[in-house]
Amino acid sequence: MTTNGSAILCPSCFTPLPPSQFNNDKFVPCPTCQANVQVAVFPAAFRAITPGQSGERILIAGESSCFYHDQKKAVVPCDSCGRFLCALCDVDLGGKHLCPQCLDTGRQKGSFKQLETRRVVYDNAALIIALTPMVLIIFWGFTLVTAPLAILLGVISFFKPNSILGVSRLKAHAAIIIALFQIVVWVLMFMGVLESLVT
Amino acid sequence: MAKAPKEYRKLPGRGATLTHYVRLYTGADHLLQVASTGFTESYKRFYYRDIQAITLRKTYVGKAANAFLGATVAVLGVPALFTSTPVTIVLASIAGFFAMGLGANIALGATCVCQIRTAVQHEKMASLSRLRRARRVLERLKPLITGAQGELSSAHLEGIVGNEPKTPAEGLPPVISATS
């Protein structure tokens with residue numbers, strides 16, 4: 001199946017835009033809805049989508065077969081587990097040849113950064129939890145709970161992967177310092193109350 | 001020790017909803033859209049080799065916001081010019097707040113909707129809602145995409161323009177072919 005240029009749709013009325021509107025570097029009204037549209041089109045829009053390979057059958061006895069399909073000819077070993085794979089089972093991920101099993105295991109373990117779609121950002125969470133009750137002063141009392149939680153999340157962030165953007169650990173350090181300050185304030189307050197009760 | 005080079009570079013623009021904010025980053029071989037709630041981040045990758053088109057559509061949201069903010073400033077601010085009762089001072093303060101919003105909206109410029117199209121999806125770029133920023137981002141993305149895909153030759157484009165499908169005659173109903 002191929003994609004042709006006329007299948008680039010108007011973002012307003014979703015009708016195909018005429019190719020004369022492509023790569024104009026200025027807004028041109030859509031012939032159907034008159035919405036001002038600028039379209040930058042790239043060669044991928046006209047590239048034929050290559051069909052997937054199904055794997056060749058073994059015709060000569062003694063040929064190495066795929067680990068998952070014993071009737072199919074092996075074309076490459078898995079770069080992770082070394083199992084022989086047919087063209088169907090070979091998954092190309094960033095230049096590595098992997099079998100579906102290793103791909104799934106790696107995805108679950110978070111070994112393949114390019115497959116990750118979500119991460120918990122512990123350092124950011126720690127900072128938000130540490131700062132929010134301080135900023136919203138009426139919730140200052142919540143720091144009794146949030147301060148230890150912020151420290152816990154801050155410490156976890158040193159052992160877990162944080163943002164994929166590779167930001168520094170500054171937020172985690174800041175969260176821990178702020179939370180420690182809140183705990184010190186609570187301790188001093190309790191000591192003051194205790195002293196007043198004793199005297 | 002030498003500092004490791006950054007894997008992602010931030011692009012201008014930030015979009016926000018009630019629950020998360022969105023930013024765009026350029027990577028070595030893909031564009032990364034990060035939607036962050038503060039506690040979690042969700043990622044969408046658009047590989048340069050797969051991007052088929054980037055479309056920008058002008059919208060009138062900015063103009064509508066200017067009209068609304070301008071009218072509010074006028075309604076609340078004009079009485080304060082003629083009287084100085086405590087009520088009008090309060091109204092003028094509110095008008096000042098709206099005037100700041102109006103100034104910011106004018107400074108940010110015209111609004112638009114930006115979409116990225118690949119073979120399998122059309123994705124609206126929530127962070128590119130201002131035309132100036134969207135164009136700046138487009139100018140930064142174009143060399144990266146053409147670097148991965150090559151230039152679209154003008155001869156190729158002219159060939160497509162020459163073979164443009166003819167639109168059906170106006171007023172006539174669509175014809176459904178009897179052959180299967």
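This is a predicted model: local features need pLDDT of at least 70, side-chain atom pairs count only at pLDDT 80 or more; totals for chains, interfaces and linings use all residues.

Colleague: Good to know. What is the area buried between chain B and chain A?

Modeller: About 3,800 Å² is buried between chain B and chain A, and carbon and sulfur atoms give 60% of that. On the chain B side, B:Phe39, B:Tyr43 and B:Gln52 supply 16% of the area that chain B buries against chain A, more than any other three residues.

Colleague: And how many residues are in contact?

Modeller: There are 44 residues of chain B in contact with 45 residues of chain A.

Colleague: Which polar links are there? How many salt bridges, and how many residue pairs in polar contact?

Modeller: Between chain B and chain A the count is three salt bridges. For polar contacts, the count between the two chains is 19 residue pairs, with both residues at pLDDT 80 or more.

Colleague: Which elements of chain B give two or more residues to the side that touches chain A?

Modeller: On chain B, they are strands E4 (30-36), E5 (40-47), E6 (53-59) and E7 (111-117), together with helices H3 (131-149) and H4 (154-162). H3(B) gives the most, with seven residues. By class, that side of chain B has 21 nonpolar, eleven polar and twelve charged residues.

Colleague: Let's look at one salt bridge. What does B:Lys142 pair with?

Modeller: B:Lys142 forms a salt bridge with A:Asp25, and the closest N and O atoms are 2.8 Å apart. B:Lys142 is found in helix H3 of chain B.

Colleague: Is B:Lys142 buried or exposed there?

Modeller: Buried: B:Lys142 has a relative accessible area of 19%, and the cut-off for buried is under 20%. Leaving out residues up to four places away in sequence, B:Lys142 touches A:Asp25, A:Ala40 and A:Phe42.

Colleague: Is A:Phe14 buried or exposed?

Modeller: A:Phe14 counts as exposed, because its relative accessibility is 53% and the cut-off for exposed is over 50%.

Colleague: Switching to strands. Which strand of chain A is joined to E6(B), and how do they run?

Modeller: That is strand E2 (residues 36-41) of chain A; five bridges join E2(A) to E6(B), and the two run antiparallel. Among the pairs, A:Val37 stands opposite B:Arg57, and the bridge partner of A:Val41 in E6(B) is B:Ala53.

Colleague: What does E2(A) pair with inside chain A?

Modeller: E2(A) pairs with strand E1 (residues 28-29) of chain A in the antiparallel sense, over two bridges. There A:Val28 stands opposite A:Val37, the residue that also stands opposite B:Arg57 in E6(B). The hairpin of E1(A) and E2(A) has six residues between the strands, and in it A:Gln34 takes a positive phi near 70 degrees.

Colleague: Why is E2(A) described as largely enclosed by the rest of the structure?

Modeller: Because five of the six residues of E2(A) are buried.

Colleague: Now chain B by itself. How many helices and strands does it have?

Modeller: Chain B has four helices and eight strands. From the N terminus on, its elements run β-β-β-β-β-β-α-α-β-β-α-α. Buried residues make up 37% of the 180 residues in chain B.

Conventions: Residues are numbered from 1 along each chain as its sequence is written. Chains are lettered from A and ligands numbered from 1 in the order in which they are written. Side-chain values use heavy atoms; hydrogens and water are left out. Contact means heavy atoms within 4.5 Å. Buried area is the accessible area (1.4 Å probe) that two parts lose on being put together, summed over both. A salt bridge is a side-chain nitrogen of Lys or Arg within 4 Å of a carboxyl oxygen of Asp or Glu. A polar contact is a pair of N or O atoms within 3.5 Å; within protein, one must be able to donate a hydrogen and the other to accept it, and residues adjacent in sequence count only if both atoms are side-chain atoms. Ala, Val, Leu, Ile, Met, Phe, Trp, Tyr, Cys and Pro count as nonpolar, Asp, Glu, Lys and Arg as charged, and the others, Gly among them, as polar. Two strands pair if DSSP finds at least two bridges between them. Buried means under 20% relative accessible area, exposed over 50%, partly exposed in between (1.4 Å probe, protein chains only).
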